[in-house]
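The exercises below are meant to be worked through with the sequence and the structure side by side. Try each task before reading its solution.

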Amino acid sequence: MLPRALRSAAWRTRQGRASGKRMASVVSRAKWDMEHAFADGGFLERREDLRTDPEAMRMALAEPTSRWLLSNPRFHFLLQEVGDTPGSTKKLGAVWLPKDTAAKAMCADDEASMDGTSSFLGIHNGVHYFTVASTAGSIDAMAKDTLDSHAGAGFYDLRKAVSQLSPAEATVLGYARSLLAWQSDNNFCSKCGQALKLLDQGHRKFCESCRKTRYPVIMPCVIMLVCSPDRELCLLGRKSSWKEGVFSCLAGFMEVGETAPNAAAREVLEEAFVECDLESMELVSTQPWPFDANLMIGCQITAKENPGARDQPVNHEEGLAEGRWFTKSEAQAMLARSVDAAYLGAMPNEGRIDGPDEMRVPGPHAIAHTLIKRWVESP
């Protein structure tokens, strides 16, 4: 068998050759993947071959060019304002720190003490990137010197900051948040209660008593653009926790042993009492959603019957506050007024929004926006 380093090099060579042949078809199929946040692949090579190699990680952790991304206990990341175009929306970028600065900000006893808690994210242009979260009550005070040395720096909630980040950096931060949240939520073995050991530089946990391995968990969800049989209307709903006037695609978690088409049809029937044609389901796109570790499976599915009175509210379950059918022109206007924050509860409008000129949908960060836009632009 080839040594690990040579095996890794051979794997990368094969991947490079294969990717060139597949790239055109992948890009054409993934057109709609580029429309929303956390889905462009990011700028890092994840490199499982490195993170599972203790010697490679030891060298990467000691490399002066390696960089760290800090998180506070709430998984808010250290970001700073970038660019100063007058009149434009404030843009943000991650603050990637050298190890000595990161250790000081984290109040670590020494730089080496961060090695066991640092999670390897990947490599780019020869630079290794890590993330680490504080376990203290607040890192804001600890990182004061770091904050003072970076203009406009602070700890930002990724859910609210995503629209201000570049697509590539938002993807990497989403990846980091999901990884850190999984680590925080899985400290003990669910079978015997023993403390779990963190391995593979943050990507695997192991119970030395049960000899069981745990990996980061992804929870699949279906999110559906439901259209009428004539494709002229779409069904959107509003959750009870959202501001009134904000509508989005119906969505729900997949259940054990369930396919995506079955889950989509079941959720629409449960939430809005609308029967859908299973064979009509089209897989449009997917989106990793790091709040927390969901994989959104975006699809379009057709109702079996046209709605009766379009302007009448749709019957719905308790979890759905409201459901309505919209025309393409109405949906297009709602896209133009879309909510540009990933937190739908942060709508600036107070009170009820009754007029159709004031209704809106999630912004371009959300896969729901992609699904609605695709339907509006379809012939």
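**Exercise 1.** Over the ring of which residue does the charged end of arginine 46 sit?

*Solution.* Bear in mind from the outset that this model is predicted. The ring belongs to tyrosine 175, and the charged end of arginine 46 lies 3.7 Å from the centre of that ring.

**Exercise 2.** Decide whether arginine 47 is buried or exposed, and state where it lies.

*Solution.* Begin with the position, which is the loop between helix 1 (4-29) and helix 2 (48-51). Next take the relative accessibility of arginine 47, which is 12%; because the cut-off for buried is under 20%, arginine 47 counts as buried. Finally, look across the chain to phenylalanine 120, which is 73 residues away in sequence, while the two C-alpha atoms are separated by 9.2 Å.

**Exercise 3.** Classify the aromatic pair of phenylalanine 43 and tryptophan 96, and then that of tryptophan 68 and phenylalanine 130.

*Solution.* The structure holds nine aromatic pairs. In the pair of phenylalanine 43 and tryptophan 96, the centres are 6.4 Å apart and the planes stand at 85 degrees, which makes the pair edge-to-face. Phenylalanine 43 lies in the loop between helix 1 and helix 2, whereas tryptophan 96 is in strand 4 (residues 96-97), so the pair ties together parts that are 53 residues apart in sequence. Phenylalanine 43 is partly exposed at 23% relative accessible area, while tryptophan 96, at 18%, is buried.

Tryptophan 68 and phenylalanine 130, by contrast, are stacked, with 4.8 Å from centre to centre and 15 degrees between the planes. This pair links strand 1 (residues 67-71), which holds tryptophan 68, to strand 6 (residues 127-133), which holds phenylalanine 130, across 62 residues. Tryptophan 68 counts as buried at 0% relative accessibility, and phenylalanine 130 is likewise buried at 0%.

**Exercise 4.** How many of the 11 residues of helix 10 are buried, and what covers them?

*Solution.* In helix 10 (residues 367-377), eight of the 11 residues are buried, among them His369, Leu371 and Trp375. Their cover includes helix 9 (328-336) as well as several strands, including strand 14 (276-289) and strand 16 (320-327). For the chain as a whole, buried residues make up 47% of the 379 residues.

Conventions
Residues numbered from 1 in each chain as written. Predicted model: local features only at pLDDT ≥ 70, side-chain atom pairs only at ≥ 80, totals over all residues. Heavy atoms only, no water. Buried < 20%, exposed > 50% of the residue type's maximum accessible area, 1.4 Å probe, protein only. Helix = DSSP H or I, 4+ residues; strand = E, 2+ residues; numbered from the N terminus. Contact = heavy atoms within 4.5 Å. Phe/Tyr/Trp six-rings, centres within 6.5 Å; stacked < 30°, edge-to-face > 60°. Lys NZ or Arg CZ within 6 Å of the ring centre and 35° of its normal.
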